[in-house]
Amino acid sequence: MKKRAVFIDRDGTLNEDSGYPGDFEKIRIYAESFEAVRRLNRAGLLAVVVTNQSGVGRGLFGEADVALVHEKMRAAFAARGARLDAVYYCPHYAASANPAYAIACDCRKPSPGLALRASSDLGIDLGRSYVIGDKADDVAFGLNIGATPVLVLTGEGRRARDTLLERGQTPGHVASNILSAACWIIRRERRGPCSASTTSRKKSRRWTGRETSTC
Ligand SMILES: [Mg+2]
Ligand SMILES: [Zn+2]
């Protein structure tokens, strides 16, 4: 059977958004992220980080730096008993001075490329998966891949809520932070795929941008 995954945005969702961090020492992981990932691990959901790292295309740091950040990040989670199953990133920037990165790629969220790559590498059923992120484009990414997007109110989340209301894009849920998002996903999964699909097919009530529950 294909696996279900939770695609997790990095900056503003898993850790504080600090601009374009090129080394791990500049990254502050939210305390609740470790527990969130532990719970997803226990629930049998893959925890897959998907992140736009246009700092590469902007010439702020290289792909080796990104790889090192992610290696250290996965080690930091592992040291706390939490497993990040995979990390995928987009290094592109359309206005890059480097032609290798100056492309209209298919992997910068909200485009689906990162999820499609993960799905083929890991055998993921995207339609039964989730996205947790703090930007309107994370929600759009979730909708684009047919997953259930959860908006968190950390990082850019509060501003994203207004953008989503303007765009008429509705997340499956709005959570205060990543742990609350993980709890909502796990509760929804426990109700089983049948009731979950019934819920998603149901005509949803008009979304007002309010957070609907906490952990
Ligand atoms: Mg973010
Ligand atoms: Zn890309």
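Two strands pair if DSSP finds at least two bridges between them. That rule matters for several of the views below, which all show a predicted model.

View 1. The protein chain holds 7 helices and 6 strands. Read from the N terminus, its elements run β-α-β-α-β-α-β-α-β-α-β-α-α. The chain has 215 residues, and 43% of them are buried. Take the contacts between residues at least 6 apart in sequence: 66% of these join residues at least 24 apart.

View 2. Strand 4 and strand 5 pair in the parallel sense, with 4 bridges. Find valine 131, then look to strand 5: its bridge partner there is proline 149. On the other pairing, strand 5 and strand 6 are parallel over 3 bridges. Here valine 150 stands opposite histidine 173 of strand 6.

**View 3. Strand 5 is covered on both faces.** In a regular strand the side chains alternate between the two faces of the sheet. In strand 5, Thr148, Val150 and Val152 lie on one side. Pro149 and Leu151 lie on the other. Is strand 5 mostly covered or mostly uncovered? It is mostly covered, with 5 of its 5 residues buried.

**View 4. Helix 4 is largely enclosed.** Helix 4 spans residues 136-144. Because 7 of its 9 residues are buried, helix 4 is largely enclosed by the rest of the structure. Which residues of helix 4 are buried? They are Ala136, Asp137, Asp138, Val139, Ala140, Phe141 and Gly142. The cover over these buried residues includes strand 4 (130-133), strand 5 (148-152) and helix 5 (157-167). After helix 4 comes glycine 146, with a positive phi near 80°.

**View 5. Helix 1 meets helix 6.** Helix 1 covers residues 31-42 and helix 6 covers residues 178-190. Their axes come within 8 Å and cross at roughly 15°. Angles under 35 degrees count as roughly parallel, so helix 1 and helix 6 are roughly parallel to each other. Their crossing is left-handed. Helix 1 brings Glu32, Ser33, Glu35, Ala36, Arg39 and Leu40 to the contact. Helix 6 brings Ile178, Leu179, Ala182 and Ile186. Sorted by type, the contact residues are 6 nonpolar, 1 polar and 3 charged.

**View 6. Cysteine 105 lies in a loop.** The loop runs between strand 3 (86-90) and helix 3 (113-122). Is cysteine 105 buried or partly exposed? Cysteine 105 has 16 C-beta neighbours inside 10 Å, so it counts as partly exposed. Leaving out residues up to four places away in sequence, cysteine 105 touches Cys90, His92 and Gly113. Alanine 94 is 11 residues from cysteine 105 in sequence. In space, the two are 8.1 Å apart, C-alpha to C-alpha.

Note on methods. Residues numbered from 1 in each chain as written. Chains lettered and ligands numbered in written order. Predicted model: local features only at pLDDT ≥ 70, side-chain atom pairs only at ≥ 80, totals over all residues. Axes fitted to C-alpha atoms, helices over the stretch in contact; angles between N-to-C directions. Helix = DSSP H or I, 4+ residues; strand = E, 2+ residues; numbered from the N terminus. Parallel < 35°, antiparallel > 145°, perpendicular 65-115°, else oblique. Left-handed = near helix turned anticlockwise from the far one by under 90°. Contact = placed C-beta atoms within 7 Å. Nonpolar A, V, L, I, M, F, W, Y, C, P; charged D, E, K, R; others polar. Buried ≥ 20, exposed ≤ 12 C-beta atoms within 10 Å, placed from the backbone.
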